[in-house]
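Hi,

Here is the structure I promised to pass along. Have a look at it first, and then read on for my notes.

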Amino acid sequence: MAAAHQVSAVIFDLDGTLLDTERATRDVLNEFLAAYGKVPDAQKEEKRLGQMYLESTTGIIRDYGLPLTVEEYSKAMHPLYLKRWQKAKPLPGVKRLVKHLHKNGVPLALASNSVRRNIDRKLPKLEDWGECFSVILGGDQVPNGKPSPDIFLEAAKRLGVNPSSCLVIEDSVVGVKGAKASGAKAVAVPSLQSQRKHYYIADAILYSLLDFDPELWGLPPFEDRIQRVLPIDPLPSNARIGDKIVNNLHWVISDDCTYECIPDQISGIYLGWAKSKVHGLSKVIIGTGWDFSQQTVERVMQVDFLDSSGRIETEPVKLLVIGYIRKLQSADAILQALSITDEDRSIAREALDLPTFSEYANDLHLA
């Protein structure tokens with residue numbers, strides 16, 4: 001298959017792209033503003049995603065009428081963010097992609113609007129694969145942060161490549177704008193699903209990097225699927241099973257516990273294990289995505305119990321998602337997109353018998 005583009009280097013954003021820091025720090029502002037009798041404005045906060053720290057901080061102080069200087073606000077907030085950053089985890093598919101590209105000699109850079117001091121605080125969360133980046137840049141190391149192209153131009157310069165031969169992977173609109181302004185190609189992996197329509201200038205829009213296809217960009221292909229399934233780091237969920245759709249396929253009743261450990265970027269058809277007090281252990285297929293048909297964007301999930309029979313509505317179930325089968329065929333009609341096929345079921349049954357996946361059946365999460 002001929003590549004649609006040819007790139008020679010890849011530049012990654014950090015927050016919301018490599019690390020799920022956006023989710024880990026989601027409640028910090030709420031808690032801080034509550035002390036001043038204020039409540040965050042969701043629309044204003046969504047627009048701040050990816051902004052430079054000074055711009056974001058100045059805007060927060062202004063918008064909520066806080067009796068603080070930028071320095072006072074920073075001094076109060078930094079310890080709160082520092083504590084939450086420790087809880088941030090790598091997003092699905094990023095470790096796999098970074099290590100794959102590094103192994104194949106593709107130059108890599110990390111370019112973030114965060115100041116370099118804060119980047120260094122977060123790098124340990126990348127574990128050993130953080131060493132794959134030969135260039136690391138913070139917003140305070142260039143004249144202007146994103147959406148200015150400065151940081152991408154400097155990253156390309158330090159990598160020794162032309163910006164037009166770079167691919168930038170970003171989660172924010174300001175990052176995508178900066179990448180395109182530099183002449184690079186841009187792949188968007190939005191942090192906020194409600195904002196997907198604003199990423200139209202990107203060359204590609206993905207739900208997660210599990211869907212990234214290196215061959216489309218002239219990069220070495222992945223060869224790590226096992227019987228058509230991509231192993232992923234386990235994602236646990238305490239779910240409550242809702243109405244039956246057909247046979248053993250059920251809706252999941254969504255609440256905070258359901259998605260506590262499942263990143264917003266997770267979308268598609270997955271396999272895993274389920275355990276309940278009544279029905280015990282079962283192989284499952286999980287279909288999950290976002291419903292854009294309503295005024296408020298909502299997350300939906302279905303679970304197909306491959307081994308169970310009988311009534312299981314409203315039953316609490318522990319889920320462990322461990323493998324990715326495929327992306328949803330459509331994002332517009334969510335009910336149709338979530339349809340689980342006989343081929344999906346066949347793939348899941350066979351894969352879950354393999355040691356790579358079957359070993360999780362006895363995971364402590366399911367004990």
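Before the details, one word on the domains: their bounds come from an automatic or database domain assignment. Please also keep in mind that this is a predicted model.

With that said, the chain splits into domain 1 (9-19 + 89-217), domain 2 (21-86) and domain 3 (230-366).

Between them, about 1,500 Å² of area is buried, with carbon and sulfur atoms giving 57% of that. What about polar links across this interface? There are 4 residue pairs in polar contact, both partners being at pLDDT 80 or more, while the number of salt bridges found there is 0.

Salt bridges do turn up in the structure as a whole: the count comes to 19. One of them pairs the side chains of Asp-13 and Lys-146, at 3.0 Å from N to O.

Lys-146 has another feature to look at: a cis peptide bond joins Lys-146 to Pro-147, with omega at about 15°. Pro-147 sits in the loop between S3 and helix H8 (150-159).

On to the aromatics, where the structure holds 5 pairs. Among them, Phe-12 and Phe-133 are edge-to-face, at 5.9 Å centre to centre and with 85° between the planes. Here too distant parts of the chain are linked: Phe-12 belongs to strand S1 (residues 9-12), Phe-133 to the loop between H7 and strand S3 (135-137), and the two are 121 residues apart.

Gln-227 is not a glycine, yet its phi is positive, near 50°. You'll find Gln-227 in the loop between strand S6 (204-205) and strand S7 (230-246). For context, most residues other than glycine have a negative phi, and most peptide bonds are trans.

Over to you!

Methods:
Residues are numbered from 1 along each chain as its sequence is written. This is a predicted model: local features need pLDDT of at least 70, side-chain atom pairs count only at pLDDT 80 or more; totals for chains, interfaces and linings use all residues. Side-chain values use heavy atoms; hydrogens and water are left out. Buried area is the accessible area (1.4 Å probe) that two parts lose on being put together, summed over both. A salt bridge is a side-chain nitrogen of Lys or Arg within 4 Å of a carboxyl oxygen of Asp or Glu. A polar contact is a pair of N or O atoms within 3.5 Å; within protein, one must be able to donate a hydrogen and the other to accept it, and residues adjacent in sequence count only if both atoms are side-chain atoms. Rings of Phe, Tyr and Trp (its six-membered ring) pair if their centres lie within 6.5 Å; planes under 30 degrees apart count as stacked, over 60 as edge-to-face and the rest as tilted. Helices (H or I, at least four residues) and strands (E, at least two) are DSSP runs, numbered from the N terminus.
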